[in-house]
Amino acid sequence: MIRLHDVAKEYTRTRVALSHVTLQIRRGEFVFLIGPSGSGKTTILKLLYMEEKPTHGDVWVSGVHATTAKRKEISQLRRRLGIVFQDFRLLEDRTAEENVAFALEVTGAPSSAIPQRVARVLTQVGLASKATHLPRQLSGGEQQRVAIARALVNDPYFLLADEPTGNLDDRASRGVIQLLRDINAAGTSVIMATHDLEIVRRADNARTIELNHGRVVFDSAETPPPETRYTPLLGQPVIGGPSEGNWPPLPGDSR
Amino acid sequence: MLAAREAFNASRRAPLLSMLGIVTIAFSLFAFGLFALVAVNIRHALRNVEQRVEVRAFVSEGTPADAIAAAMADIAVFPEVAKVDYISQEGALERARRDMGEFSDVFEEAMLPASLDIHLRPGLRNPETVEAVADRVKSYQFVDDVRYGEEWVRKLYQLRTIAAGTGLGLGLAFAAVSIIIIGATIRVSVLARAREIAIMRLVGATDSFVRAPFLIDGFVKGILGAVLAVGLTWVAYRLVDTQLFSVVFFDPRLIAVGLVCGAFIGLLGSATSVWSHLRRI
C-alpha cells in the first residue's frame with residue numbers, strides 16, 4: 001500500500017514541486033501519472049522510492065515512512081520496488097543478464113539461484129536470446145526491456161516507471177506498455193508517469209491521476225463512472241501527439 | 001567475495017584510471033620516502049657520533065691494579081654504563097699516536113696518564129646522565145680528573161633534539177600532503193563510478209555494500225603504491241650510495257611500516273571519498 005497524506009515538496013522557497021497531495025494506491029493497481037512537464041510526476045515517484053523526502057506531510061510505502069526511514073530501511077524497501085527510467089540507466093559495460101543479475105547480487109541473493117532467476121525474467125520480457133548482448137548492441141525498446149527485467153527480478157510489490165516510453169518509437173512503446181500491463185496482470189502494481197496521452201487513452205481499467213502545478217487536479221478513482229472519465233487533459237483534443245508543447249491549457253490556467 | 005570481484009572488475013574496466021591512482025599514491029609516498037630516507041640517515045649519523053660519547057677518568061700514577069679492577073667492577077654495574085675499559089699509559093700513548101697521524105712523534109713515552117674509559121648505554125648519552133656518571137666516578141680517590149667534553153655533549157644533544165623535532169614536523173606535513181593527494185585521486189575514481197553507485201543504490205544496495213569494493217580498491221592501491229614507492233626510494237638510495245656518499249637504507253621493519261601506512265592511507269582515502277559521496281545521494 002502506498003499512502004501520501006497532505007504532501008508538499010519544495011526544492012527551494014520559490015520552487016514548489018508538490019502541494020497538498022493526498023492519495024492512496026493499493027496493491028494490484030495500474031496507475032498513470034499524467035500532467036505537463038514540471039507538474040510533479042517525477043517528484044511523486046522520487047518520494048515513493050525515497051530519493052526525496054517530503055517537505056511537509058507523510059509518505060508511506062509498504063509500511064516505510066519516508067520522513068523517518070533510515071538509509072538501510074530505504075535500501076530494503078527499494079529491493080521491493082522496481083524502478084524504470086526513460087534513459088534506462090543500464091550499466092553500459094555489462095551484458096543484459098549481468099545488468100539484471102546485478103540487482104540480485106546487491107541484495108545478497110544466493111549466487112546459485114541468480115542465473116535461473118535472471119533467465120526467467122529475461123524470458124518474461126522477451127529477451128532470452130539477447131542475454132549476452134551489451135546495452136549498445138540492443139535497440140532502445142530492448143534496453144528498456146532489460147531495465148524492466150532488472151526491476152522485476154526481485155519480485156517487487158510496486159513497479160515505478162518514469163516516462164518509460166519517452167525515448168522509444170511508437171511500436172517499441174506499445175510493446176513496453178503491453179509488458180507493463182502483463183506484469184500488472186500478474187499482481188504487481190504499476191505506477192507510470194507519462195506524457196503520452198495516447199497510451200493513457202488506449203489503456204482500459206487503469207487509474208489516471210493528473211497533476212498540474214504540483215497539485216492533483218484529477219483522480220479517476222474518485223471520479224466515476226469510467227464511461228465519463230475525462231481528465232481535464234483527456235477531455236480536450238490533443239493536437240499532434242504528446243509532445244511538451246501540445247498540452248492544452250487547463251480551465252483556470254493562465255499560462 | 002562479491003566486493004572483491006567488483007573491485008577487481010572496476011580496475012579491469014578502467015585500467016588507466018587505476019594505474020594513475022597507483023602511480024599518484026606511489027609518487028606521494030616516494031616524496032615522503034625520500035624525506036624519511038634523509039631523516040633516517042641524519043639519525044644514523046648522529047647515532048654514530050653519539051657512540052663516541054664517553055666519560056674518561058684519569059687514574060693517578062701508582063694506583064694498585066686491584067683497586068682499579070674493583071672500581072671497574074663497581075662502575076660496570078651502574079645502570080647507565082654499557083662498558084668500562086682500562087687504558088694503560090702505554091695504551092694511551094699508542095692511541096694518541098694513532099689519532100695524531102703524522103704528528104705522532106710529539107708524544108714521548110709515559111707522558112700520558114692511564115684512564116678508565118666509560119661507555120654509556122644508547123639512549124642515556126644525554127648531558128644530565130653523562131654529568132651524573134662523571135660525578136660518581138670523581139668520588140674514587142685514585143681518580144685525578146674526569147673529562148667528558150660537556151660542551152660537545154650538550155651541542156650534540158641539542159642537534160639531536162632539533163633534528164627529531166624538524167623531522168617530526170616535516171614528516172607530518174609530507175604525510176598530510178600525501179593523504180590529500182591520494183584522497184583526491186581516489187575521489188576521481190569514485191566520481192568516475194558515480195552512475196554505477198547511483199544504480200546500485202536504486203536497486204537496493206546498502207551503503208556498506210556500495211562502500212566495500214572501494215575500500216578493497218583503496219587498500220590494494222595503497223599497498224601497490226607503497227611497494228612502488230619503496231622501489232623508487234631504493235633506486236634513489238642506490239644512486240646516492242654509489243655515486244655520492246655512503247648512506248643507509250630503511251631496515252625491514254621500517255619498510256613493513258611503510259607498506260602498512262600505504263594500505264592505511266589508501267583505505268582512509270577511499271573511506272572518506274565514498275562516505276562524502278554517499279552522503280550526497
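**Terms and values in the two chains**

Modeller: Helices H1(B) and H8(B) pack with their axes 8 Å apart, at an angle of about 65 degrees. Axes are lines fitted to C-alpha atoms, for helices over the stretch in contact, and angles run from 0 to 180 degrees between N-to-C directions. This is a predicted model, in which local features need pLDDT of at least 70 and side-chain atom pairs count only at pLDDT 80 or more, while totals for chains, interfaces and linings use all residues. Residues are numbered from 1 along each chain as its sequence is written, and chains are lettered from A and ligands numbered from 1 in the order in which they are written.

Biologist: Which residues make the contact of H1(B) with H8(B)?

Modeller: From H1(B) come Ala3(B), Ala4(B), Glu6(B), Ala7(B), Ala10(B) and Ser11(B), and from H8(B) come Ala212(B), Pro213(B), Ile216(B) and Asp217(B). Two residues are in contact if their C-beta atoms, placed from the backbone, lie within 7 Å. By class, the contact has seven nonpolar, one polar and two charged residues. Ala, Val, Leu, Ile, Met, Phe, Trp, Tyr, Cys and Pro count as nonpolar, Asp, Glu, Lys and Arg as charged, and the others, Gly among them, as polar.

Biologist: What makes H1(B) a helix, and which elements of chain B touch chain A?

Modeller: Helices (H or I, at least four residues) and strands (E, at least two) are DSSP runs, numbered from the N terminus. On the side of chain B that touches chain A, helix H1 (2-13), helix H7 (194-202) and helix H8 (207-243) of chain B each supply at least two residues. The largest share, four residues, comes from H7(B). In total, 12 residues of chain B are in contact with 16 residues of chain A.

Biologist: Why are E2(B) and E4(B) said to stand at the edges of their sheet?

Modeller: The open sheet has the order E2-E3-E1-E4 in chain B, with antiparallel pairing. Strand E2 (81-87) and strand E4 (143-147) of chain B each have a single partner strand, so one side of each is left without a neighbour in the sheet. The twist averages 20 degrees from one strand to the next.

Biologist: How do you know that E1(B) and E4(B) pair?

Modeller: Two strands pair if DSSP finds at least two bridges between them. Strand E1 (residues 54-59) of chain B and E4(B) have four bridges, in the antiparallel sense. Arg56(B) has Arg147(B) in E4(B) as its bridge partner.

Biologist: Why is Asp155(A) called partly exposed?

Modeller: Asp155(A) has 13 other C-beta atoms within 10 Å, and is therefore partly exposed. Asp155(A) lies in the loop between helix H5 (140-152) and strand E7 (158-162) of chain A.

Note on methods. Buried ≥ 20, exposed ≤ 12 C-beta atoms within 10 Å, placed from the backbone.
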